[in-house]
Amino acid sequence: MNVKQLSVFLENKEGKLKSAVDAISSKGINIRALSIADSSKYGILRLIVSDNEKAIKALEERKFVVKETDVIVVGVKDEPNGLNSVLEVLEEANVNVEYLYAFVSTQVDEAIVVMKIENCKDVVPILREKNIKLLSKEDIDAI
């Protein structure tokens with residue numbers, strides 16, 4: 001149950017982030033989650049959007065480099081130790097989390113955590129076995 005995330009490579013210059021967001025919003029695409037990491041020269045904007053195909057086209061039209069990546073999205077209790085309960089399962093299975101970001105919604109009683117893991121398809125059964133709530137693209141769009 002993988003979700004496709006977009007990674008957009010940005011120069012760390014004034015207006016580049018806004019230009020990327022404008023490209024997406026101008027096509028009526030909804031951003032469901034985002035994270036940005038940066039260095040002194042470049043940044044990576046990570047997004048889960050309502051329509052990847054249209055978003056990629058819109059971003060590439062504005063000369064952005066875009067990559068689609070598999071991520072796992074889980075719902076965790078929005079309380080102390082909620083995230084740690086998932087990380088414990090992954091640690092026990094010797095699974096490395098490359099990065100993660102989270103968001104909350106007023107529509108659900110959970111925090112939503114997006115995780116990049118090297119081999120997503122191998123991790124899904126481990127999470128299911130431990131009754132970790134996995135979310136699909138449709139689940140995210142419904143939030």
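Two strands count as paired if DSSP finds at least two bridges between them. With that in hand, take a look at this predicted model, starting with a hairpin.

**The β2–β3 hairpin**

Strands β2 and β3 make a hairpin, and three residues sit between them. β2 covers residues 31-38 and β3 covers residues 42-49; the two run antiparallel and are joined by seven bridges.

**β4 and its partners**

Strand β4 spans residues 65-77, and several pairings involve it. On β1, the pairing with β4 is antiparallel and has seven bridges; here F9 stands opposite V65 in β4. β6 also pairs with β4 in the antiparallel sense, this time over six bridges, and V73 has V114 in β6 as its bridge partner. Then there is β7, which pairs with β4 over three bridges, again antiparallel. In that pairing, look for G75 opposite K133 in β7.

Here are those pairings side by side:

| Strands | Sense | Bridges |
|---|---|---|
| β1 and β4 | antiparallel | seven bridges |
| β4 and β6 | antiparallel | six bridges |
| β4 and β7 | antiparallel | three bridges |

Now zoom in on T69, a residue of β4. Is T69 buried or exposed? Its relative accessible area is 11%, and the cut-off for buried is under 20%, so T69 is buried. Setting aside neighbours within four places in sequence, T69 is in contact with V3, K4, Q5, S7 and K116.

**V113 in β6**

Over in β6, which runs through residues 110-117, you'll find V113. V113 has a relative accessibility of 2% and counts as buried. Which residues does V113 touch, once neighbours within four places in sequence are left aside? The contacts are I72, V73, V74, V76, L83, L100, Y101 and A102. One of these, Y101, is twelve residues away from V113 in sequence, and the C-alpha atoms of the pair are 5.9 Å apart in space.

**Helices α1 and α2**

Helix α1 takes in residues 16-25, and its buried residues are A20, A23 and I24. Looking down the α1 axis, these buried residues fall within an arc of 95°, so they line one face of the helix. What covers them? The elements over the buried residues of α1 include β1 (3-11), β2, β3 and α2 (52-61).

In general, two packed helices are described by the angle between their axes and the distance between the axes. For α1 and α2, the packing angle is about 135° and the axes are 8 Å apart. The two helices are therefore oblique to each other, and their crossing is right-handed. Which residues of α2 do A20, A23 and I24 in α1 meet? They meet A55, A58 and L59.

**V89 in α3**

Helix α3 covers residues 82-92, and V89 is in it. With 11% relative accessibility, V89 counts as buried. Leaving aside neighbours within four places in sequence, V89 is in contact with I126, L127, K130 and I132. For a sense of distance, V89 and K133 are 44 residues apart along the chain, and their C-alpha atoms are separated by 13 Å.

Most residues other than glycine have a negative phi. K63 sits in the loop between α2 and β4. With a relative accessible area of 74%, K63 is exposed.

N131 isn't a glycine either, and its phi is positive, at about 60°. Its place is in the loop between α4 (120-129) and β7 (133-135). N131 has a relative accessible area of 71%; the cut-off for exposed is over 50%, so N131 is exposed.

Notes:
Residues numbered from 1 in each chain as written. Predicted model: local features only at pLDDT ≥ 70, side-chain atom pairs only at ≥ 80, totals over all residues. Heavy atoms only, no water. Helix = DSSP H or I, 4+ residues; strand = E, 2+ residues; numbered from the N terminus. Buried < 20%, exposed > 50% of the residue type's maximum accessible area, 1.4 Å probe, protein only. Arc of directions from axis to C-beta. Contact = heavy atoms within 4.5 Å. Axes fitted to C-alpha atoms, helices over the stretch in contact; angles between N-to-C directions. Parallel < 35°, antiparallel > 145°, perpendicular 65-115°, else oblique. Left-handed = near helix turned anticlockwise from the far one by under 90°.
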